Amino acid sequence: MAEHNLAEHFAAYSKWRKALVDTITDYRGWLAEHELNDTQTDLRIQHLIDRLYGDKLNVAFVAEFSRGKSELINALLFADCGRRVLPSSAGRTTMCPTELRYDPDQPTALLLLPIGTRATDITTAEYKRDLTAWQVQPFDATSGDAMIETFRQVSRTRRVPVEEAERYGLYDPGNESDAMVLNDDGTVDIPCWRYAIINYPHPLLQQGLVILDTPGLNAIGTEPELTLNMLPNAHAVLFILAADTGVTRSEAEVWRHHISGARWRQKGRMAVLNKIDGLWDELKSDEEVDRNIARQVASCAELLELQPDRIYPVSAQKGLLAKIGKDAALLAKSRLPALEQALSEELIQAKKEIVRDGTESEIADLLAHSGTILEARLRGMEAQLEELKGLRGKNADVVQHMMDKAEAERNNFEQAVQHVQAVRRVFARHSEQLFAHLGMDRLRSEVVKTRRTMLDANFTKTIRAAMEAFFRDINDWMARSDERIAEIRSMMEAMYHRHAQEYGMAAVALPAFSVDRYRQELARLERAYKERFDTTLNMLTHEKMTLTSRFFETLAMRVIEVYDLANREATEWLRAVMAPMEAQVREQQLQLHRRLDSIRRIHQATDTLEERITELEHAADEVRQQFAELGVIRLHVGNALALGPATGGAALAA
């Protein structure tokens, strides 16, 4: 069978991710055991674990109808079910965007969002957060017949007057192709549903895979969320063509405007030339058939301006049949394994690298922080030992003098504590100024103002000016946020340098942070707006205004999501910047208190000098052992990041 089975690769990726979570969880337990954790550190670790647990792999399938999209999904992901999970037959089987996922907090069911919700300004993303508007149809995940019968719902249509279709943005009388679908009685067939979610406990979906099955290419133009959010942010987009038709004009336009990796991202965008079994011919040799397929691939590559090796010829139907029947020869002939290999090596490996890089920098900073605390702890103990050993053979007056000196040093260190409190106040003001630029309330007010201007507009020029002002403002806020971040970093570096010089604290390398990647996403959204405006709003009509309003709502929702992500990351960064200073001050205070207590007990003859020296030597040895354990933890974390589950949490626990 397939050497590069996509399901197996994704399962291996999920095991790697789980092992990484186990390793980090063990590290957190070790911190608690040795009293090295604090509130901020625990919050950072929990955030890291939550991020890994919530990690998703989003794959979108895009095609004109009858290209075999649903069959390809069945062949790639659900062949182990022994039958077709998604309906696949001649004609249109997917009438609305359909998302396959698994959320254990939701019932195993098909969730359907009625098409009438398109008449509102509420985006699909907002409806996903409140499921009251959805129709929920539970199904038995153990019954293939029940699943197939339930999933047929996504194919349902209904006949409505033209005016209703226009209100939903599904019919434009000025569009020739729309006019062609007009029924004899003047009605239009439209989907029953705006969006469908299949919440299904398939092993791959349980591990975080999310599949987006899009309807025909006309949906790309009428559902802004597809073009603004879902497709650009999918980790992979498979653009499915048919071997018998090649690339049509509409397919070439959708590829160039909405999918092409040259526009948004280089990786994860590939074309699939499906139904190559239609080119199989028993009267021709295998070499002749291969040449025919190669010519069709070359033709598609030229029209899509894509390298030929980025187009994968397959027969999804024969591949599914081969997997179910365990026919290795037919599977090889279907060429499905080559597509699975490409997805495994490019998509899953790239996703793993993204997760690894993001986790690696965060965990490295946490480990460095733990090392800094241990260094301060050991340094304090060694200073105490040197001081106590110097008391050997000394009289009570010398011990009293030493105690007075330690008391004075503790009082002097209170200045450092007060300085940290002052730094914290300044830091809080800078943080408030940062969040004033990234403020969600301010952004939402800007969205409301822009929406009102657009709705009141009578001229295209007014709408254009409102949108340009919207992007000008939010881009300016992001730029000012980056300036404030640089100021905070500079201030804190100076503070750490001063504390290292005046109070003997360890130097700290502050983590880097910038909102640049969020600014890039805003730039992408602005480009999408300009293209949309220039192509669909040459004149102000009711239909185009409806679509433009819906487009803005979707765009605004995406901008809010971008700002929310930037807010959360900024919050995590601010915690990471301040935590080392507070932890070092807390540790130094503790060491000074212990030092004074030791000398006082010796002075009062409640402890002998040698007993205390022995006790401290033992404690210092324990800290050195903790240093060694931290080194082992660092090694296990590195192994878990690089090598996968075999060297993950189990190794650390051992």
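Buried means under 20% relative accessible area, exposed over 50%, and partly exposed in between, with a 1.4 Å probe and protein chains only. This is a predicted model, in which local features need pLDDT of at least 70, side-chain atom pairs count only at pLDDT 80 or more, and totals for chains, interfaces and linings use all residues. Residues are numbered from 1 along each chain as its sequence is written, and side-chain values use heavy atoms, leaving out hydrogens and water.

1. Please look at K275, in the loop between β10 (269-274) and α12 (286-304). Its phi is positive, about 65°, although K275 is not a glycine. With a relative accessible area of 34%, K275 is partly exposed. Helices (H or I, at least four residues) and strands (E, at least two) are DSSP runs, numbered from the N terminus.

2. E35 belongs on your list too: this non-glycine residue has a positive phi of about 55°. E35 lies in the loop between α1 (6-33) and α2 (39-53), and its 61% relative accessibility makes it exposed. Most residues other than glycine have a negative phi.

3. Now for a helix pair: α3 (residues 69-77) and α13 (residues 316-325) pack at about 30°, their axes 8 Å apart. The two are therefore roughly parallel (an angle under 35 degrees).

4. Which residues of α3 and α13 meet? From α3 come E71, L72, N74, A75 and L76, and from α13 A316, Q317, L320 and K323, where contact means heavy atoms within 4.5 Å. By class, this contact has five nonpolar, two polar and two charged residues.

Technical notes:
Axes are lines fitted to C-alpha atoms, for helices over the stretch in contact, and angles run from 0 to 180 degrees between N-to-C directions. Angles under 35 degrees count as roughly parallel, over 145 as roughly antiparallel, 65 to 115 as roughly perpendicular and the rest as oblique. Ala, Val, Leu, Ile, Met, Phe, Trp, Tyr, Cys and Pro count as nonpolar, Asp, Glu, Lys and Arg as charged, and the others, Gly among them, as polar.
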